[in-house]
Amino acid sequence: MGSEERRYEFSWDLLGDLELGRPNLGPSVGLEVYRLMQYSMRDVLEQRLGTEGADRVFFDSGKLAGMKLFENVIKGCDDLSQFVSAVQNALKELGIGIFRVERSEPDMGSFVFSVFEDADCSGLPDIDHTVCTYDEGFIAGLMEAFTGEEYDVKEVDCWCTGDRTCRFAVERV
Amino acid sequence: MSGGANMEESGREDALKALDNLESVLLKGRPGADEAISDPEVHERYEKLRDQLKEAQRSLRELSAGRLSESIGSRGYTFGLLNNLQSNLLHLTWQAKQIASGDLTQRIDFLDEFSESFNKMTAALEENRRQLEERRAELEELNRSLKDEVEERRRAEERLAMANHKLKILSSVTRHDALNQLTVLQGYLELAEPMAEDAKLRRYMERMDVAADIIAELIDFGKKYEMLGTEGERWASLSGILAAMDPGPQVHDGCAGVEVLADPLLDKVFYNLYDNTLRHSGGASRVDVSNRLDGDDLLIVWQDDGQGVPESEKERIFERGVGKNTGLGLFLIKEILEISGIGIAERGTPGEGARFEMRVPAGRWRYSD
């Protein structure tokens, strides 16, 4: 599909003017609504594209979101410390999760991040597989926007696997 | 007892044995000696629970020993809590490393009292560093100012040295030319003297001759004063200086072996004192130069047997221009001595001779062998 034919190419403007649009209800929506949208969409995507295809869509969507969040909210960071602090603040302010760094080897392009109280999964029943595919893409997008290099992100522990913490192994491609 | 009752009793025993062993694992870290549980299903579940409990204990042991890289070996609520603990400890370790590398922006959220203490600590460290950096910036600014000041002073010294050099050349050339002309003047006066028959003219010529002598002395003073302090200090023997006095009042040297560290013009001090005695003592016949200790100082005394200095003049005789001749003799003495930290005062009794006392501080005098 050519770009001229697209209706929904992402733009930060699509988030709209929250104060203007929601003078009474405000900018926040219940977490269950977010999950309702995510898991219903995931259901349909899986039916249409299969599990791997649905995960791919989620990863890519998360990556796009991570890159756009960096460009529009986090912005210029001179070093890893600034980047981590900015991501921590942004994720806390937006209620996405509590972001922490467990290990970092910037020269090797290798990191382990964790997200507590993750909006995508915390509190979900144990289902014996990780579910935070969108977060994987989200972190990959943040890292790529920050470093200019592509990263592979894999969730190794998840609330849904009974680990109560989402842990992500991040490696430069 | 019926078969059903036996089975019920046996099942109860198995359950109690399993519980006892689990309690033992929980409290002692190992099961009891008897783990024989007859019911296979109960035995299997007991072993699973025991192993999970032991795994949780192993993970706790690793974490409590600070070994954070071992993965938590199982899942579920309890292991999830251990996983949280491990993740938090890893994050704190990472933050400690960041702080050690100078990143004091680190803060911790949602860890209750620990967050509060940690954040206070990093905030305090950051504030301390800010203050240190402020202080460093102030010191750098001060250092810059000092450097500028030193540089300005260096330039001023250069300008001063240049001006001084020019003055010296001017002074030297002028002195040389003036002395030449003075010699010419004195020569003509000498040639004219036999031709002057008029008494009044002869008196005038004598005065001109005296004036020429004074001019010569002034020129000599200028030369000496210019040299003052320019050639460093040296040890000088007082006896050596006194021995070179011109004939006149007899000088009695009571300073044998005394040496003084002073400007090389020190001999001029004693020459001028001698000249002062010659000119102003009203006919002194004897000068005694003596020395005595006063604490750590050495007092050198120049005493003549002339008319002395009137009380009213004692304070002023060392000022420039005060005196009957050039008014520079005693002034130069004071300047030469002062530059070497030696004081001088006139303490004689009017009518009983002049007495100049020179106080030489410790370290500036010695007795030679």
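I took helices (H or I, at least four residues) and strands (E, at least two) as DSSP runs, numbered from the N terminus. The model is predicted: I required pLDDT of at least 70 for local features and counted side-chain atom pairs only at pLDDT 80 or more, whereas totals for chains, interfaces and linings use all residues. I numbered residues from 1 along each chain as its sequence is written, with chains lettered from A and ligands numbered from 1 in the order in which they are written.

**Entry 1. The two chains**

I looked up the elements of chain A and found 4 helices and 4 strands. From the N terminus on, I read their order as α-α-α-β-β-α-β-β.

I then turned to burial (buried: 20 or more other C-beta atoms within 10 Å of the residue's own; exposed: 12 or fewer; partly exposed: in between; C-beta atoms placed from the backbone). Chain A has 173 residues, of which 34% are buried. In chain B, 20% of the 369 residues count as buried.

For contacts, I required C-beta atoms, placed from the backbone, to lie within 7 Å. Among contacts with a separation of 6 or more, residues 24 or more positions apart account for 52% in chain A and for 59% in chain B.

**Entry 2. Where chain A meets chain B**

I recorded 17 residues of chain A in contact with 16 residues of chain B. On the chain A side, α3 (80-93) and β1 (98-105) each supply at least two residues. β1(A) gives the largest share, 6 residues.

I sorted the residues by class (nonpolar: Ala, Val, Leu, Ile, Met, Phe, Trp, Tyr, Cys and Pro; charged: Asp, Glu, Lys and Arg; polar: the others, Gly among them). The side of chain A that touches chain B holds 2 nonpolar, 7 polar and 8 charged residues.

**Entry 3. Helix α3 of chain A**

Which residues of α3(A) are buried? I listed A:Ser81, A:Phe83, A:Val84, A:Val87 and A:Leu91. They cover an arc of only 165° around the axis, so they lie on the same side of α3(A); the arc is that of the directions from the helix axis to the C-beta atoms. These buried residues pack against α2 (31-74), β1 and α4 (133-147) of chain A, together with α3 (77-100) of chain B. After α3(A) comes A:Gly95, with a positive phi near 70°.

I next fitted axes as lines to C-alpha atoms, for helices over the stretch in contact, with angles from 0 to 180 degrees between N-to-C directions. α2(A) and α3(A) pack at about 95°, their axes 11 Å apart. That makes the two helices roughly perpendicular (65 to 115 degrees; under 35 is roughly parallel, over 145 roughly antiparallel, the rest oblique). A:Leu69, A:Val73 and A:Ile74 of α2(A) meet A:Ala86, A:Val87 and A:Ala90 of α3(A). By class, this contact has 6 nonpolar, no polar and no charged residues.

**Entry 4. Single residues of chain B**

I noted that B:Phe110 has a positive phi of about 60° although it is not a glycine. B:Phe110 sits in the loop between α3 and α4 (112-192) of chain B and is exposed, with 12 other C-beta atoms within 10 Å.

B:Asp112, also not a glycine, has a positive phi of about 50°. B:Asp112 lies in helix α4 of chain B and is exposed, with 8 other C-beta atoms within 10 Å.

Methods:
Two residues are in contact if their C-beta atoms, placed from the backbone, lie within 7 Å.
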